[in-house]
Amino acid sequence: MTGSNGGLIVNGRQHDLMVRAAMACDERQKRIGPAHPTLSANRLIAALPQPVLALLQFSHAVLAQGHVCFDVGDRIEEVYFPTSGVISLVAAMEESNVVQTMIGREAAVGLQSAVGRPYAFVRAIVKIPGSFYTVSAEAFRRVVQTTLEAQALVAHYTDVLLAEAQQLAACNAIHPASARLARWLLQCAVRGGSELFPLTQDSLAEMLGVRRSTVTLLAQDLQSRGIIRYRRGKIAIIDRHALESCACECYGTVKALYDELAAHGQRQASGCALPGETGLRAPV
Ligand SMILES: [Zn+2]
């Protein structure tokens with residue numbers, strides 16, 4: 001339930017559940033160590049039901065740009081939950097790589113191992129370095145299957161990732177590179193949690209499927225209009241509103257998918273999941 005300003009309205013019981021979930025997160029955090037980001041910095045972790053969260057053993061890692069989490073055909077051994085970095089899912093083609101989507105703190109990489117085949121059909125590679133939590137894919141699969149809430153949540157995440165990939169396939173086919181560049185930059189900022197992030201021109205060329213020289217011209221245009229600053233491989237978004245006006249409609253379409261996903265997570269955390277999102281199952 002949301003108020004007129006979009007904020008979540010909760011009753012006393014729901015508030016208690018939210019507090020207990022936050023305390024469970026804090027308890028897990030103590031075991032991981034105070035030097036690392038909070039687990040709840042990742043929206044999927046924050047939305048997981050408390051009994052599920054209590055059964056998972058998270059590890060923390062700082063991963064560099066270019067780190068390959070898994071490659072095409074690999075068995076997915078770990079699920080990655082970004083808290084500040086961003087991972088791209090890439091289809092490896094003979095001519096070049098094609099970026100299908102990028103995943104940051106709003107989701108996780110390797111979720112299909114919990115609901116389907118445990119083998120990767122894309123390459124997952126760190127595009128923006130940062131902080132990540134990881135958990136054993138096999139343990140995640142087993143624990144998720146213990147509750148209908150967790151199954152529904154993970155199924156919703158995988159549906160959104162598929163919908164986004166389909167939207168971006170259409171985007172690549174018909175929208176101009178300038179509009180797609182604006183969309184990618186906005187998505188990097190949202191998913192990495194910062195409007196200043198490292199991204200090479202080669203990475204941008206791969207994301208757009210264009211030559212590096214084309215990226216140079218497009219970035220120079222945005223910079224000359226005071227919308228971004230691009231220096232030494234780092235991009236700063238100066239005028240977010242103007243950048244949004246440059247982006248194609250796909251930015252808003254994909255954002256709406258993730259907003260709905262976040263609302264699902266809030267319902268889950270507050271104990272007011274919709275019918276079909278609730279219920280316990282015996283562990284498998
Ligand atoms: Zn588009």
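These legends go with several close-up views of one predicted model.

Residues are numbered from 1 along each chain as its sequence is written. Because the model is predicted, local features need pLDDT of at least 70 and side-chain atom pairs count only at pLDDT 80 or more, while totals for chains, interfaces and linings use all residues.

**View 1. The protein chain has 11 helices and 10 strands.** Helices (H or I, at least four residues) and strands (E, at least two) are DSSP runs, numbered from the N terminus. The protein chain has 284 residues, and 39% of them count as buried. A residue is buried if 20 or more other C-beta atoms lie within 10 Å of its own, exposed if 12 or fewer, and partly exposed in between; C-beta atoms are placed from the backbone.

**View 2. The largest nonpolar core has 73 residues.** Such a core is a set of buried Ala, Val, Leu, Ile, Met, Phe, Trp, Tyr and Cys residues joined through C-beta atoms within 7 Å. I87, A108, A124, L185, C188 and L243 have the most contacts inside the core. Leaving out residues up to four places away in sequence, C188 touches V86, M102, I128, F197 and L199. Two residues are in contact if their C-beta atoms, placed from the backbone, lie within 7 Å. In soluble globular proteins, nonpolar side chains tend to be buried together.

**View 3. Helix 8 spans residues 201–208.** Its buried residues are S203, L204, E206 and M207. They lie on the same side of helix 8, because they cover an arc of only 160° around the axis. This arc is that of the directions from the helix axis to the C-beta atoms. Just after helix 8 comes G209, with a positive phi of about 70°.

**View 4. Helix 7 (residues 177–192) packs with helix 8 at an angle of about 115°.** Their axes are 10 Å apart. Axes are lines fitted to C-alpha atoms, for helices over the stretch in contact, and angles run from 0 to 180 degrees between N-to-C directions. From helix 7, A177, R180, L181 and W184 meet L204, M207 and L208 of helix 8.

**View 5. R232 sits in the loop between strand 9 (228–231) and strand 10 (234–237).** Its phi is near 50°, a positive value in a residue other than glycine. R232 is exposed, with 5 other C-beta atoms within 10 Å.

**View 6. V62 belongs to strand 1 (residues 59–63).** V62 is exposed, with 12 other C-beta atoms within 10 Å. V62 and P82 are 20 residues apart in sequence; C-alpha to C-alpha, they are 9.7 Å apart in space.
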